Amino acid sequence: MSTLKKFLHAILFAAMIASWSVNNIGAVSDHEPTASTIRVSPSGSDISGCGSEAQPCRTIQFAVNQALTGDIILVAEGVYKYDQALDPCTSLTTRAVVCVNDKQLSILGGYATNNWTVADPVNNPTVIDGEASRRGVAVLRVSAVSSLRMEGFTIKNGRAFGSPVGNTYLGHAFGGGMWASKTFVNL
């Protein structure tokens with residue numbers, strides 16, 4: 001085969017690969033996961049598959065544990081407290097009612113179980129209660145980017161135990177209401 005013919009085959013082959021790559025890049029983006037909406041109500045049940053309007057989860061933490069990065073958690077009016085069986089952040093000196101670990105989530109309160117479309121935190125108060133022995137919310141980055149967008153909540157009775165100074169991020173007494181370590185929080 002002549003040098004010119006080899007050169008033309010090489011160009012044709014490169015063009016075919018470039019065309020295939022461009023077409024497949026578009027195909028991959030069509031299959032990216034979309035954000036899910038998970039609903040929470042004190043009258044719900046923490047069972048696999050909960051989170052729909054008809055079957056909300058019972059606790060915010062169960063919803064957080066089930067959620068994937070990018071998901072939105074809508075929370076109905078009520079008071080939400082700590083549940084040790086659901087705690088994913090056992091390394092903290094002070095546990096939190098809600099702990100987001102290595103996820104990027106939105107948690108929005110003020111909903112009613114008969115209206116998951118419009119939040120109304122004034123008429124549908126949504127409370128995270130630390131019961132004077134836990135943080136309200138903790139957001140941690142251990143191995144992946146973590147962030148939290150949170151609206152429509154009252155966080156009350158939060159408390160953090162530990163040293164008021166020092167460089168250990170797990171054991172200090174900062175952030176009784178909300179504490180974030182190496183993360184982004186948008187309130």
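Arg58 is partly exposed in this predicted model, its relative accessible area being 36%. Its side chain meets that of Asp46 in a salt bridge, with a distance of 3.7 Å from N to O. Arg58 and Asp46 both belong to the loop between strand E1 (37-40) and helix H2 (60-66), and although they share that loop they stand twelve residues apart, so that the pair is counted as linking distant parts of the chain.

A salt bridge also joins Arg58 to Asp83, and here the closest N and O atoms are 3.5 Å apart. Because Asp83 lies in the loop between strand E3 (78-80) and strand E4 (96-101), while Arg58 lies in the loop between E1 and H2, this pair ties together parts that are 25 residues apart in sequence. Asp83 is itself partly exposed, with a relative accessible area of 23%, a value that falls between the 20% under which a residue would be buried and the 50% over which it would be exposed. Taken together, Asp46, Arg58 and Asp83 are linked in a network of salt bridges.

The loop between E3 and E4 also holds Lys81, which forms a salt bridge with Glu131, the closest N and O atoms lying 3.8 Å apart. Since Glu131 is in strand E6 (residues 126-140), the contact with Lys81 ties together parts that are 50 residues apart in sequence. Lys81 counts as partly exposed at 42% relative accessibility, and Glu131 is likewise partly exposed, with a relative accessible area of 36%. The count of salt bridges comes to five, among them the pairs Arg58 with Asp46, Asp83 with Arg58 and Lys81 with Glu131.

Technical notes. Residues are numbered from 1 along each chain as its sequence is written. This is a predicted model: local features need pLDDT of at least 70, side-chain atom pairs count only at pLDDT 80 or more; totals for chains, interfaces and linings use all residues. Side-chain values use heavy atoms; hydrogens and water are left out. A salt bridge is a side-chain nitrogen of Lys or Arg within 4 Å of a carboxyl oxygen of Asp or Glu. Helices (H or I, at least four residues) and strands (E, at least two) are DSSP runs, numbered from the N terminus. Buried means under 20% relative accessible area, exposed over 50%, partly exposed in between (1.4 Å probe, protein chains only).
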